[in-house]
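This report describes a single protein chain, going from its overall fold to individual residues. Please keep the sequence and the model in view while reading.

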Amino acid sequence: LLNHTSGLFDYTECDAFWSVVEANPAHVWKPEDLVALAAMKQPYFEPGQGWQYSNSDYIVAGMIVEKVSGEPAAVAKACGASSSPPRRASWCRRSW
C-alpha cells in the first residue's frame, strides 16, 4: 500500500470529495467514507502492476493498523507501532 502499487483510486480526485470540502471545509471524514469514495471509481491498475500516488493507500493502511492493534491509528503509533523499536507511552493501555 505505502509504495503506491495498490492501484486504489485516489479519493482526492473524486468530484464528490471536493463538493463536500467546498460546501463544508470543516467536515470530519470517516476513513470508511474516504475509501467508499475511492471505491466508486475503477482502480488505476491491478495491484502490483504499476505505480500511482494515492491518498487512499494511507487511509487503508491506517484502517489495517486500527483493525490489527484494536486501537485508533494515532494511539497505536504512540504505543510503538512504527519502524523503530516499540516504546511504551505511560498512558498506553497495551501491555508488552
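## Overall fold

Along its sequence, the protein chain follows the pattern α-α-α-α, with 4 helices and 0 strands in total. The coordinates are those of a predicted model, and the description below should be read with that in mind.

Of the 96 residues in the protein chain, 26% are buried, while the chain as a whole exposes about 6600 Å², of which carbon and sulfur atoms supply 58%. When contacts with a separation of 6 or more are considered, 63% of them in the protein chain join residues 24 or more positions apart.

## The nonpolar surface patch

Which residues make the nonpolar surface patch of about 810 Å²? Leu 1, Leu 2, Leu 8, Trp 51, Tyr 53, Tyr 58, Ile 64 and Val 68 make this patch. One of these residues, Ile 64, lies in helix H3, which covers residues 55-69; Ile 64 counts as partly exposed because its relative accessibility is 45%, a value between the 20% limit for buried residues and the 50% limit for exposed ones.

Another member of the patch, Tyr 53, is found in the loop between helix H2 (31-39) and H3, and with a relative accessible area of 35% Tyr 53 is likewise partly exposed. Although Tyr 53 and Leu 1 are 52 residues apart in sequence, their C-alpha atoms are 9.9 Å apart in space.

Leaving out residues up to four places away in sequence, Tyr 53 touches His 4, Asp 10 and Tyr 58. The side chain of Tyr 53 also makes a polar contact, at 3.2 Å, with the side chain of Asn 55. Ser 54 lies in the loop between H2 and H3 as well, but its relative accessible area is 0%, so Ser 54 is buried. With residues up to four places away in sequence again set aside, Ser 54 touches His 4, Leu 8, Phe 9 and Asp 10.

His 4, which is touched by Tyr 53 and by Ser 54, has its place in the segment before helix H1 (15-23). Is His 4 buried or exposed? At 5% relative accessibility, His 4 counts as buried. The backbone of His 4 has a phi near 60 degrees, which is a positive value in a residue other than glycine.

## Helix H3 and its end

The length of H3 can be checked against its residue count: at 1.5 Å a residue, its 15 residues should span 21 Å, and the end C-alpha atoms are 22 Å apart, so the two values agree. In general, an α-helix has 3.6 residues a turn, so residues three or four places apart point the same way.

Just after H3, Gly 70 takes a positive phi of about 75 degrees.

Ala 73 is found in helix H4, which covers residues 73-78, and with a relative accessibility of 26% Ala 73 counts as partly exposed. Not counting residues up to four places away in sequence, Ala 73 touches Gly 62, Val 65 and Glu 66.

## Helix H1

Val 20 has its place in helix H1, where its 29% relative accessibility makes Val 20 partly exposed. Neighbours within four places in sequence aside, Val 20 is in contact with Pro 25, His 27 and Trp 29.

Methods. Residues are numbered from 1 along each chain as its sequence is written. This is a predicted model: local features need pLDDT of at least 70, side-chain atom pairs count only at pLDDT 80 or more; totals for chains, interfaces and linings use all residues. Side-chain values use heavy atoms; hydrogens and water are left out. Patches are made of residues with over 30% relative accessible area and no salt bridge: like charges are joined within 9 Å, nonpolar side chains (Val, Leu, Ile, Met, Phe, Trp, Tyr) within 5 Å. Accessible areas come from the Shrake-Rupley method with a 1.4 Å probe; for residues, only the protein chains shown count as cover. A salt bridge is a side-chain nitrogen of Lys or Arg within 4 Å of a carboxyl oxygen of Asp or Glu. Helices (H or I, at least four residues) and strands (E, at least two) are DSSP runs, numbered from the N terminus. Buried means under 20% relative accessible area, exposed over 50%, partly exposed in between (1.4 Å probe, protein chains only). Contact means heavy atoms within 4.5 Å. A polar contact is a pair of N or O atoms within 3.5 Å; within protein, one must be able to donate a hydrogen and the other to accept it, and residues adjacent in sequence count only if both atoms are side-chain atoms. The expected span of a helix is 1.5 Å times one less than its number of residues.
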